[in-house]
Structure formats: C-alpha cells, structure tokens
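This report goes through selected features of the structure shown below.

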Amino acid sequence: MAVITVKNLSHYYQDGDYRRYVLKEINYSFEKGKFYCILGQSGSGKTTFLSLIGAMDSVQSGTIEFEGKPYQKYDLNTIRRNLIGMVFQSYNLIPHMTALENVLVAMTITENEIPKDKVNVAYNLLDYLGITKTKADRLVTRLSGGEQQRVAIARALATNVDVILADEPTGNVDEDTAEDIVAIFKKLAHEHNKCVIAVTHSPQVAAEADIVLTLRKGNFIVNE
Amino acid sequence: MNIFQRALTSITRRKLKSLILLLIVIILGNIILSTLLIVQSVDGTRQSILRELPPVVSLEIDYTKLDELYKEQGQFDKPIEIPWLTFDDLDRIEADAGSYIKIVDYSAYAGIETKSLEPYTIMDGGYVRGPGETNYFTLQGVSAPIFAMLEVGDAEIVEGRSFTQEELDNGSPVLLIGEGLAEKNNLMVGDTVLIESLFTDYTEEGNQVIFNTIELEFKLIGILKFKALPQSEGKGGFSEHDYLLEERNRTLFTGNRFVEKYSRESMDVWRSYYEEKYGETWEDYYEDNPLAGRPITFILNSSEDVSSFVEKAQAALNNEYYYFATQEDNYKKVAAPLESMRKILTYAFYITVGSAIIVLTLVLFGFMRDRQKEIGIYLALGEKKSKITVQMIIENVAVGFLGALLALASGTFVASYISDMLIAAPQLDPQQGVILPVYPSNNYLANFDYESILQSYQVGFSATAVIAFIITILATIVVAQLIASIYILRSDPKKIMM
Ligand SMILES: Nc1ncnc2c1ncn2[C@@H]1O[C@H](COP(=O)(O)OP(=O)(O)OP(=O)(O)O)[C@@H](O)[C@H]1O
Ligand SMILES: [Mg+2]
C-alpha cells in the first residue's frame, strides 16, 4: 500500500524573471517495506524532491499525499514532527548534547505514541544501530562520522514514523561504514516495514535498493 | 529532553555564552539597581518625613499666575481682577471633599500700633522698633476652637482655654497670647487687656502724630506656648527659632469675626483721615471679602487622603488663581537636590533599560546565529518556533536571574557611591536656585531644612526595589530575546540542513 503518493509534482526556482523548473510533473507512489534509492546528476533536483517530501519546503504545484491525505491539509511542522524522519549528509546533531539526548529531543517533540520509559527505548534503539551505552552517553562531537550518522538514523526512527528520508547518508563516511548504513536501511525496510528513501551518488548503495529512481530532466526513470 | 532540559544543557554546556550573558547582566544590573535603590531611598526618605507630619493642605493664591496677569495688564498700579475666594467656594469644597477634612482654618490679620503693650524681645536690638515710641502688634484671627496652630502642634495652651465656637461666631473680644508677651506685661488668664490702637502719621519734620485711636478691651482667656524650632543658627547667633518666637509673641490671637470688624473700623479711620488730608475720595478697590488673599488651612483626617482631597477640592473650587499647597510640595522644594537627583536617575533608569534592551538584543542575536544549526535541527524535527523561543527565554532568564542576584550583592555599594557622588556634585547644591523659607509664612505647612533631610537619607535595600529590579532585569531579557527571536522566525530548516 502506498504511503506517499506524488501527483503531478513540479517545482521551480526563480532565476530573476525566469522560472527554472527542476521537477516537472512527477507522478510516483512510495510503499512501505521498500528501500528506494534516488540517483541523478548533481543539480538534477534530488535534494529538492526530498525536501518536498520531507516537508522542508512547500509544494508549488501538484500534490504529495501521505496515506491519501494531501500535504496542503497539514501544517509542514506537523508532518516533520509526526510523519517523517530525516537523515542528512552532515548528520545535523545538536553538538552540546549526548547521542542519547539527541534521540530524546526528537522523542519529546513528536506527538506520536512513544513508550513511557523513553530513556530505555532510546538506549535500545541506539544499541540496535550499533551505539553502545557508553557511546550513547558521549557528546556527539566525540563520536566518529559513522557513529554520528547512526545516531541520526536512531533519531529519525525514534518518533515511530513509517517514512525515513535520507539525503546522501553515506556521503561523509568510508565504504565499510556506508555498507553498514545501507544494511541498516534494508533491515528497516524489510524487517520493520518502513518506507526508506535515500538519495545517493553511489552505485554500490543503489545496487542494494529495491527500486532505483533516476532523476533526469525533472522526471524519474524507474528501475525495479 | 523537554524545553527545560534542553535549556539546562544549553546553559551548563555552552558555558562561554552563559558567562558572557551573566557578565552583561551583572554590569547593567548594577546600574539599573543603583538607580532603583536611589530613587526608592529618596522616596522612602520623603515618605518617612511626611508620615510624621500632620496632613495639612493650604489653599493659596498662585502668585506666578498673578504675576503673569500683571504683566499682561502692563500697569502695576492698577488692581487686577481675579475671582477671589469666597465663603461659597469653601462651602462647595466642604460639600465635595468634606469627608476628608478635620479642620478648616484661616486667619484674618490686622496691624495694631500701640503703647499699651511692651513687646517681647529675646535679644537686645533684635526687635526693630518703629521710628516713634509705638510698638507694632499683629491681630490674628482664627476660625476654629482648635485652630490650625494648635492642631499641628506649633503651639499649645499652657494656661486657660481656647475659644468657644460661640465666641468665634460672635466675634467676642477674647484673647490668646504667647507666654513671653504675657510675662513681659504681667498678664494672667482672666485679666482684662486694654489696648489703645493708635493711628499715627508723620509731620514734614518727621515727628510722629497720633490722629486717632480705637479703644480695645479684651479678656485674656489663655496663654500659648510655642513649639521650639530646631535650633538652626542664623547670622549673629540670632536663630530662626528666636525670630519666629518674637514674631509669635507679637501676635494677639482672637476670632476672625473680631479681626474683620476691627479691620473695617480702622479702614474707616484711615479713609476719613485720607479724605480730610488730601481732599480726595478714597476709592474702594476691592469688595470687602475677608477671604481675599488669605491662605485657607485644611487639616485632613489622614495623610493618605491628601491627594484625593486635593483632586476633589480643586475640582470643586475650579479657580486657576488658587492652588492647594501640600507638605509634599513644600518638602520637594527644600529637598530639591535630592528630588532632582531622583529625577535624573529616573531618566537614567529608563535610558539604561533602553540601552540594556539594545545591547542584550544584539548579544542574543549573536547567540542565535551561533546556534543556527541547533535551531535548524529543532525546526527540522518539527518543533514549533514559539517553543524554541520559550526555550531561549528560559535559558536567558535563568542566567539573568543569577546575574541579578549577583548584582544585588554589589548594588548597594555602587548605589551609595553614585548617590554620594551626585549629592556632592555642585549643580545639586541646595544653595543654588533653591530659596529656603526663613520661617513659615502664614500657613501651617512644615518647615523643612535640607541638612536634616539629608541626614535621614540613606541608600538601602527595600523589598519593593529588589522586586522591581528583578522584574526589570527579567523583563528586559524577555523583551530582548523576543526581538532576537526574529532570527528564529526567519530560519529556514531546509537552508540550514540540506
Ligand atoms: N534555493 C535555491 N534557489 C535557487 N536555485 C536552487 C535552490 N536550491 C537548489 N537550486 C538549484 O536547483 C537545482 C537542483 O538542486 P538540488 O539541490 O535539488 O540538486 P541535487 O540533485 O540535490 O544536487 P547534488 O547532487 O549536487 O546535491 C540546482 O541547479 C540548484 O542550483
Ligand atoms: Mg543534493
């Protein structure tokens, strides 16, 4: 069943008087339980697409629906808070907090149902992603890039969302770590029935995906 | 990690930021606290001095208004027309503000030139005698059995009694005089006092001639003792107190009706003398109005009533040529250096708070920029902008509160220092610009002296100043943070994160 449905989605950036369209009438449905990779040349609009699905930007024309309900009916904040988890290339963790605290921040912001003993849940989640309790209690600035990205994934998962978006999640880590992260994404999709959409430049990462979407001239070329 | 926990981690783990804010609050706090403490101490001194005083309000002619009128008129020899106070006015005041009033009193005055009484003198040469052999006395009327002078404690009856209402109403020839005058003339309560009021003129050679007399026969019903003034030394060892004592011992107290009657009689004597001497008719400039030009003393039930009374009475009177003088007005005239320091510091307070808001806004704006990423993360996680602002406010208010407490520790010293410096500053010297009244004229407002006011002035803490200070600091921080939060409003998580 489709969790995110994109209909006639177009997006432009203003270049002086000229509207330069980056996305042109995209139609696509994303499903739970699948790991998607979006490929495309630099500047092809991958981040733009992800930011629209991630409710970081408002839709200009066309619609994005979450389980049938268009984004326009929500407040963007609410989508970010309750429906979508995001992972970024540069981790984006709060530097003066520990790994655990970073995860807990997301857990207190969301309105989704979270088990009462948040701290234990967060520790377990981090542990599941390979961050031990000692590391979880460290300031994130004292973790390696790969470890930080795992914390970021834990944070995205902590709010119990079904959709995880990742913009070049392996862009800043070495190959081994990239493999680990891809393995995590696959596990999330296949074992935990999440819809994982990752933008990447890496053919190795894309090779692991269930579905590869290539953005070209504002539209997807689909490879199943 | 709710916003309180987030705030706490930010305060404790981003120490430099907290320290900078703390330091700024301590510095600005000391200035703000000093201004508040000094203002409050000046107020406290005024209040404690005024609290001790009887609640006297004096209805007086506004001489600055009269001056203006004279100037407009351009002729100083012609009388001016203003709506003089009447008994109807007093009735209206009593009708509207009577509930505040304990006693209303005013005094009619008349001069008496006589050889029948020996004047009371404290020092040789202290008393200035007229060029002839006559002595001058003042006949002063009162309008209540417990008249203002007794009520405010300027005098007490040491022998005999005061007037009865009946004696006052009838204008009976009964007299109260001071101890000094009684002793000098061997007068005792119950005595009949015969006074020959002399009307004199001078010949071209400078000799005094008596052209008429009025015989007055009083019954002495009581002896007054006048309250001592604080012994402030005047020139040549002759103090203000001595001067006042002589003045009062040259006064014969009786009812207003009597004084008014006597005034009319003596006016008639003068009129016929004038018309005979110069062959012209004496023009009456004024209608006979015993209240014209007289201050009316209102003694109220309580000091707290003063401002409400003045407000109501002023409305009832509705006469721009009169005003209600209060103890506070008088105090403020004498304590002008303190009061103007208070005024300067009140401005300083607002200026400092204004600058504090600007400085803090800039600093907090800097902090926001420094935390751009953190703010972006909160937004990306779907946090409301209002909550992020509240978190920042909590952080800064907590640090600000600590800074305020630290400022309290040093504030009194700084305040005392600033206060001493300002009081010592030459432009605040009381001798310049402020004219101290030598003795109370004919009202019963207290006579203040700057030195003793200064003695009771001391910079210290009060709960109100401390609370006002903490509220000011915290409000300043909140306002600054709210302005700086424009940064949060304008933050776009996509730009920050992606
Ligand atoms: N805020 C913006 N204003 C104007 N143009 C923009 C803006 N953001 C992106 N663009 C342009 O839109 C196009 C698509 O950008 P986008 O960031 O989506 O590309 P991308 O596929 O993510 O590229 P990369 O692989 O380099 O990250 C680019 O040409 C970019 O310059
Ligand atoms: Mg990109």
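## Hairpin in chain B

In this predicted model, the hairpin of β7(B) and β8(B) has five residues between its strands, and G206(B) takes a positive phi near 90 degrees there. The strands are β7, residues 192-202, and β8, residues 208-226, both of chain B. They run antiparallel and are joined by 11 bridges. Within this pairing, E196(B) stands opposite E215(B), which belongs to β8(B).

Strands of a sheet pair through backbone hydrogen bonds, in either a parallel or an antiparallel sense.

## Interface of chains A and B

Contact between the two chains involves 22 residues of chain B and 27 residues of chain A. The area buried between them is about 2,200 Å², and carbon and sulfur atoms give 63% of this. On the chain B side, M1(B), L381(B) and M498(B) lose the most area to chain A; together they account for 31% of what that side buries.

The polar part of the interface can also be counted. Nine residue pairs are in polar contact across it, both residues of each pair having pLDDT 80 or more. Three elements of chain B give two or more residues to the side that touches chain A: α1 (3-13), α13 (372-380) and α18 (493-497). Of these, α13(B) gives the most, with six residues. Sorted by class, this side of chain B has nine nonpolar, four polar and nine charged residues.

There are two salt bridges between chain B and chain A. One of them joins the side chains of E101(A) and R13(B), with an N to O distance of 2.5 Å. Side chains of opposite charge can pair when their charged atoms come close.

Which residues come nearest to ligand 1? Of the 13 residues around the ligand, they are S42(A), G43(A), K46(A), T47(A) and T48(A).

For S42(A), a polar side-chain atom lies 2.5 Å from an oxygen atom of ligand 1. T47(A) also places a polar side-chain atom by a ligand oxygen atom, at 2.6 Å. In G43(A) the atom concerned is a polar backbone atom, which is 2.9 Å from an oxygen atom of ligand 1.

## Sheet in chain A

Chain A has an open sheet of four strands in the order β2-β1-β4-β5, with antiparallel pairing. Its edge strands, β2 (18-31) and β5 (69-70), each pair on one side only.

F66(A) has K69(A), in β5(A), as its bridge partner.

## Salt bridges over the model

How many salt bridges are there over all chains? The count comes to 29.

A salt bridge within chain A joins the side chains of K135(A) and E147(A), with 2.7 Å from N to O. The pair links distant parts of the chain, its two residues being 12 residues apart. K135(A) lies in helix α5 (residues 133-136) of chain A, whereas E147(A) lies in helix α6 (residues 145-158) of chain A.

Notes
Residues numbered from 1 in each chain as written. Chains lettered and ligands numbered in written order. Predicted model: local features only at pLDDT ≥ 70, side-chain atom pairs only at ≥ 80, totals over all residues. Heavy atoms only, no water. Pairing = 2+ DSSP bridges. Contact = heavy atoms within 4.5 Å. Buried area = accessible area lost by both parts, 1.4 Å probe. Salt bridge = Lys/Arg side-chain N within 4 Å of Asp/Glu carboxyl O. Polar contact = N/O pair within 3.5 Å; in protein donor to acceptor, adjacent residues only side chain to side chain. Nonpolar A, V, L, I, M, F, W, Y, C, P; charged D, E, K, R; others polar. Near = heavy atom within 4 Å.
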